Amino acid sequence: MSAGEPPINSPEIRRLSPVIEPGHTYATVTDKISAIVLTRPASLGWFAGFTVAFGVVMMLTIALAWLIIKGVGIWGINVPIGWGFAIVNFVWWIGIGHAGTLISAILFLLNQKWRTSINRFAEAMTLFAVACAGIFPLIHTGRPWMAFYMFPYPSTMGIWPQFRSPLIWDVFAVSTYGTVSLLFWFVGLIPDLATLRDRAVSKPKQIIYGTLAMGWRGSARHWQRYQSAYLLLAGLATPLVLSVHTVVSFDFAIAIVPGWHTTIFPPYFVAGAIYSGFAMVLTIAIPLRKAYDLEDFITMRHLENMAMVMLATGLIVAYGYFFEFFMSMYSGNKFDVFLVQQRLHGPYNHYYFALILCNILTPQLLWFQKIRTNVPMLFVMSIIINIGMWLERFVIVVISLTRDFMPSAWGRYSATVWDYMTFVGTMGLFVMLLFLFVRVLPAISIAEMRELVSETSEEHK
Amino acid sequence: MTTHLHRSHIYGVLGEFETEHQLIRAAEKARDAGYRRIEGYAPFPVEGLSEALGLKRNIVPLITLIGGLCGGLGGFGFQYWVNVIAYPLNIGGRPFNSWPAFIPVTFELTVLGAALSAVFGMLALNGLPQPYHPLFNVERFAKHATSDRFFLCIEARDKKFNLAEAARFLQGVDARHVSEVRDD
């Protein structure tokens, strides 16, 4: 390095690291992003990835069909451990969804410009994660065709749901979350659908995108109401996203089972949700920007910011683990103390140690900027954190249920091949939906990128 | 009579601009010139365009507030009716109206009511879905309005509207292209 030049990682240079690479105009961002959907032929890699994901979805359908034929007995659940994989996976998927809403709503309210190029696919990720999550409580009911019993409707039997139960709160929280996420995503898409309508050459595409765009023409009066609605949705989605994982944590915290009955659950569940969600955004963003040459739009700055959010939420999660441990010991409640001992020395302690390794120790590497700007390293870490967050839910659900108050009620849990097929199957569903999404809808908000071009060109004046 | 017939086929005159600043300047000048039925079109929300066009504040926030209140009050009232009147259940001896336990669902329904009214209120006020609009007859509008160009339309229903004059006005404020918008 020659003298006088600032070192490549100096703060002077980092401050200039852009959220969009220079040289883009309204036309170039429009062309580049819409071309992925409209003109670029699907690559061999896309077909290969889609085929694998589709195959995994077929495996999911087999697992679900066999479940409906035989019942939940094909799973590893038994009498003390009635929750098992279904609830572990449900909480894991719902948590992943949270980053999408966080990026699109909270960072929007905080006026963080770097959210622009990642919010669209993060929102899509939210929807697909909620779709995967929704499968689990539904099939866990044992008779999924009776699931409508959970909704309040005037039945001939004259019965109504019991609104004091956190499981009913869950139904409302998750369905509201799914609906509002869909609305938020769709409202954001309207101007881009209009762009695709106007740029599509083939008649079927014009008709489909035209129908979805509903005749949007970018009128100033429309934009004004649109912006009000979008801002309000962001304001509504912010407390909503915090409430959803809070309600999910109530499923545990309201029960008296040792290891569940703690007041720290809501904040620590929400932090864990954001943590795993950002990890999943990175897991998707890194291959996506590579495959579709979007490095100009999803820049190093985005990856580094997301890594920093992961580090921060990871520390909150670590704080949660510590206080779970501390409060059990401090309370002196013998069941709580025993549960801590079981986590450290019981039959599932290797899950607990793996969890600490994945969720607390490994992410400490993110303190180093070298790691945060090393793309393959970030990708690996995002996967480690996803695994860690899954282990967290496994530890919470399984260890507590196998060791509650009475030794006569203790048990063991091991998942069967059907559990694994269903879990891996939902991952296939998630990936397949993402593959379809990047081919049929703009993965980056074109209208918001134009706004960013307008703002950055003003800054340079 | 003939002028009236003629006017009914004309939606307005459309000027095309390259930057949002030109559009804002043109909108301001159009209002200064006395035009009132004017509308700007942009591929992204342009700051300051609403003010330049003299738009009033919109009522989407009010609709959202009403929707949220209906969702919240309706949600709580419904739970009260179910758990106190229609189907009272004794759960661990707790009061039928255990209102703290009704708060999570009340909150969710408040958000749901507000979000649905924000989106559908916005669409209804905007008159969407609207499959046909005369502006789409203008080829350059259909091609560029949702991509990289900015448009100002002086509509025929403006009291001061005159085709030739409006076209001359738009040329005078540096519109790159000026075209008439036909509604037939």
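**View 1. Ser228(A) is a buried residue of this predicted model**. The relative accessible area of Ser228(A) is 18%; the cut-off for buried is under 20%, so Ser228(A) counts as buried. Ser228(A) lies in helix H8 of chain A, which covers residues 220–253.

**View 2. Ser228(A) meets residues of chain B**. Leaving aside residues up to four places away in sequence, Ser228(A) touches Asn58(B), Val60(B) and Pro61(B). With Asn58(B) there is also a polar contact, made between the two side chains at 2.8 Å.

**View 3. An open sheet in chain B is built from four strands**. The order of the strands is E2-E3-E1-E4, and their pairing is antiparallel. Strand E2 (38–41) and strand E4 (177–182) of chain B each have a single partner strand, so they stand at the edges and one side of each has no neighbour in the sheet. On average, and with direction ignored, neighbouring strands of this sheet are turned by 20° against each other.

**View 4. Strands E1 and E4 of chain B run antiparallel**. Strand E1 of chain B spans residues 10–17 and is joined to E4(B) by six bridges. Within this pair, Leu14(B) is placed opposite Ser179(B) of E4(B).

**View 5. Helix H7 of chain B packs on the sheet**. This helix, residues 163–172, touches E1, strand E3 (150–155) and E4 of chain B. The direction of helix H7 makes about 10° with that of E1(B).

Definitions and conventions
Residues are numbered from 1 along each chain as its sequence is written. Chains are lettered from A and ligands numbered from 1 in the order in which they are written. This is a predicted model: local features need pLDDT of at least 70, side-chain atom pairs count only at pLDDT 80 or more; totals for chains, interfaces and linings use all residues. Side-chain values use heavy atoms; hydrogens and water are left out. Two strands pair if DSSP finds at least two bridges between them. Helices (H or I, at least four residues) and strands (E, at least two) are DSSP runs, numbered from the N terminus. Axes are lines fitted to C-alpha atoms, for helices over the stretch in contact, and angles run from 0 to 180 degrees between N-to-C directions. Contact means heavy atoms within 4.5 Å. Buried means under 20% relative accessible area, exposed over 50%, partly exposed in between (1.4 Å probe, protein chains only). A polar contact is a pair of N or O atoms within 3.5 Å; within protein, one must be able to donate a hydrogen and the other to accept it, and residues adjacent in sequence count only if both atoms are side-chain atoms.
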